[in-house]
Amino acid sequence: MNGLTDEKAVLLQEIKNLTLENKKLSRELRMTNSFLEKVKLMVEAKETLGNLLTSANMIQRAYTDMLLDFCPNIIFLLDNDGKFVLCTKALINEIGVPNFDYIKNYTYKEIFSKFLSNDTCNRLSQAIEEVINTKQKVILNEYIDFGNKNSLRYYTIELTIVEGMRGGNIGITAGILAVFNDLTDFIIEKERAEAANRAKSDFLATMSHEIRTPMNAILGMTEIISRSELNGAQRKYLNDIKNSSNSLLTIINDILDFSKIEAGKMEILNGYYNLRELLENLYAMFMPLFKSKNLELYFSVSPNLPHVVYGDDARVRQVLTNILSNGLKYTQEGHVEFYAWVSEDNMLRVDIHDTGIGIRKEDLKKLFRPFEQLDIRKNKNVVGTGLGLAITNKLCELMNGNLWVESTYGVGSTFSVEIPCITGGEEKEIENKTEEIIDFSAEGAKVLVVDDIDINLSVAEAMLQIFGIDPDLALRGIDAVDLASKTKYDIIFMDQMMPEMDGFETSKLIRMLGPEYEKTPIIALTANVINNAEQMFLENGFDGFIGKPIEVDSLNLCLRKFLPPELIKYDGKIKWNN
């Protein structure tokens with residue numbers, strides 16, 4: 001019995017062990033199946049990802065092909081051996097080959113030697129070698145005729161090193177990226193614009209001369225007649241002519257100033273000047289004009305306003321004069337208030353308030369447009385071109401300032417100006433612009449006046465006779481040279497725009513007459529007052545400049561400056577040109 005019991009026990013133990021082993025195997029089988037399921041899922045995921053990557057690569061390649069096909073610039077990539085890796089279709093079209101396969105794996109030298117000139121190839125090769133050696137970008141400017149089609153195009157070529165990179169089993173060594181920017185059309189348009197600008201400048205110079213020439217005669221003769229004996233009615237008529245002529249000259253100046261601004265020829269000439277004196281002169285100039293219209297003019301200047309500031313006093317004066325003139329024109333009753341101070345941010349601030357007709361809200365945006373006149377029916381008796389405020393606004397911008405307006409129609413307007421107020425100068429730094437004008441005569445002076453228009457000669461002759469000078473006159477450059485060869489002149493006034501021989505040529509010939517004429521003052525007497533005319537004359541052998549219409553004070557200063565001192569006889573009277 002004991003033997004059977006032991007065998008049974010052994011058998012039960014084996015059954016138990018087999019059961020445990022079976023459970024273990026079942027567990028491992030389940031784990032294996034689970035692993036195989038995961039492997040299957042990973043394989044499927046990898047296949048899906050591969051398909052997605054393939055699709056993405058195809059899309060990316062399609063976009064790359066589109067970029068290469070439709071990019072208007074010539075762009076190509078070279079490997080480190082100088083072989084083409086890719087290029088835009090623009091290059092394929094320019095050199096006239098069927099497709100990229102035609103140049104693929106060829107060096108740029110092999111290809112370009114067939115389609116470019118030897119000089120261009122050599123310069124391009126040198127530039128590429130420089131990029132390789134220095135690892136720096138090189139920019140090359142070239143006129144290139146791709147395919148020798150007799151069609152030169154201007155390119156700016158940017159050559160850049162492409163650093164090497166490595167990923168997976170793919171290695172890319174350094175190469176060269178070339179980008180050709182075709183600037184031909186831009187250059188053509190630029191040259192056209194410059195030619196148009198030169199033509200405009202030439203036209204303005206001519207128009208300035210042609211318009212100012214008769215104005216010189218009108219104002220010159222008016223000045224001369226005013227010095228003669230006249231009865232009351234005659235003097236009134238003469239003053240009317242003078243005032244109308246000055247109004248016409250203001251309109252002409254506005255047109256020429258605006259044209260200079262549009263052509264980019266207006267310059268801001270900064271220097272130290274006395275701001276308070278400028279404002280005092282404005283008040284002195286406008287007060288009689290306001291009184292003549294029975295209007296009040298109130299001037300108020302803040303105590304913090306400095307005396308000496310840095311800027312262009314002529315343009316500051318022009319801005320303030322234009323606004324005050326505007327207030328005078330459009331105010332029929334009441335007053336104009338002028339207030340000047342320096343703001344906390346160091347800006348010269350001027351507010352000019354008038355009790356004039358005001359401006360409609362919808363018209364405010366038109367105010368600074370050129371050739372715009374608002375409310376024409378109501379202002380039909382107001383003379384002007386509509387350029388004054390447009391010029392004033394542009395001048396403020398050129399001086400890094402601002403101009404704006406607030407207005408109530410039928411009540412009045414306030415124009416506000418802001419211009420940088422740079423201080424630090426002293427009174428001694430200011431050029432003496434209030435010149436001393438001394439009455440004198442120079443009866444012994446030898447003076448020659450050259451102008452191709454009779455009336456201009458008559459005006460100059462009459463004005464010089466005020467100083468006791470009887471000048472010689474010449475209508476042509478060749479006549480001036482002939483007179484100068486016979487007489488040694490102390491000073492020569494020379495018109496520039498003359499037929500046959502202009503002022504420059506005439507002056508050069510006179511200088512060549514002998515050593516006595518090397519330092520003889522030759523003064524440009526011209527109606528060309530634009531495009532830095534004075535500087536142009538000084539650089540071309542002239543010693544001074546007087547613009548037309550000629551003013552007696554300007555002539556006075558010129559004679560006093562350039563005539564030999566022993567010829568000037570003072571009469572002891574002193575006047576001030578304010």
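I started with D479, which forms a salt bridge with R476, the closest N and O atoms being 3.1 Å apart. For salt bridges I took a side-chain nitrogen of Lys or Arg within 4 Å of a carboxyl oxygen of Asp or Glu. The model is a predicted one, where local features need pLDDT of at least 70, side-chain atom pairs count only at pLDDT 80 or more, and totals for chains, interfaces and linings use all residues. I number residues from 1 along each chain as its sequence is written, and side-chain values use heavy atoms, with hydrogens and water left out.

I looked up accessibility next (buried is under 20% relative accessible area, exposed over 50%, partly exposed in between; 1.4 Å probe, protein chains only). D479 is partly exposed at 28%, and R476 is partly exposed at 38%. R476 also pairs with E500, with 3.7 Å between the closest N and O atoms. E500 is exposed, at 69% relative accessibility. Helices (H or I, at least four residues) and strands (E, at least two) are DSSP runs, numbered from the N terminus.

**Entry: other salt bridges**

I found 10 salt bridges in the structure. One of them joins R123 and E142, whose closest N and O atoms are 2.4 Å apart. R123 belongs to helix α4 (residues 118-134) and E142 to strand β3 (residues 138-144), so the pair links parts 19 residues apart in sequence. Is E142 buried or exposed? E142 counts as buried at 6% relative accessibility, while R123 is partly exposed at 37%.

**Entry: nonpolar cores**

I define a nonpolar core as a set of buried Ala, Val, Leu, Ile, Met, Phe, Trp, Tyr and Cys residues joined through side-chain atoms within 4.5 Å. The largest one has 43 residues, and L279 and L320 touch the most other members. Elements giving two or more residues to this core include α6 (232-262), α8 (313-330), β11 (335-342) and β14 (412-420). Which element gives the most? I find that α7 does, with 7 residues.

I then listed the contacts of L320 (heavy atoms within 4.5 Å). Leaving out residues up to four places away in sequence, L320 touches L278, L279, L282, F338, V350 and I352. Another core, of 32 residues, lies apart from the largest one and has C87, L159, I161 and I176 among its members.

**Entry: α9**

I noted the buried residues of α9: L389, A390, I391, T392, N393, L395 and C396. After α9 comes N400, with a positive phi near 60°.

**Entry: cysteines**

I checked for disulfides (pairs of cysteine sulfur atoms within 2.5 Å) and found 0. C87 is buried, with a relative accessible area of 7%. C421 is buried as well, at 8%.

**Entry: a surface patch**

L11, L12 and I15 make a nonpolar surface patch of about 280 Å². Patch residues have over 30% relative accessible area and no salt bridge; like charges are joined within 9 Å, nonpolar side chains (Val, Leu, Ile, Met, Phe, Trp, Tyr) within 5 Å. Areas come from the Shrake-Rupley method with a 1.4 Å probe; for residues, only the protein chains shown count as cover. I place L11 in helix α1 (residues 2-70), where L11 is partly exposed at 49% relative accessibility.
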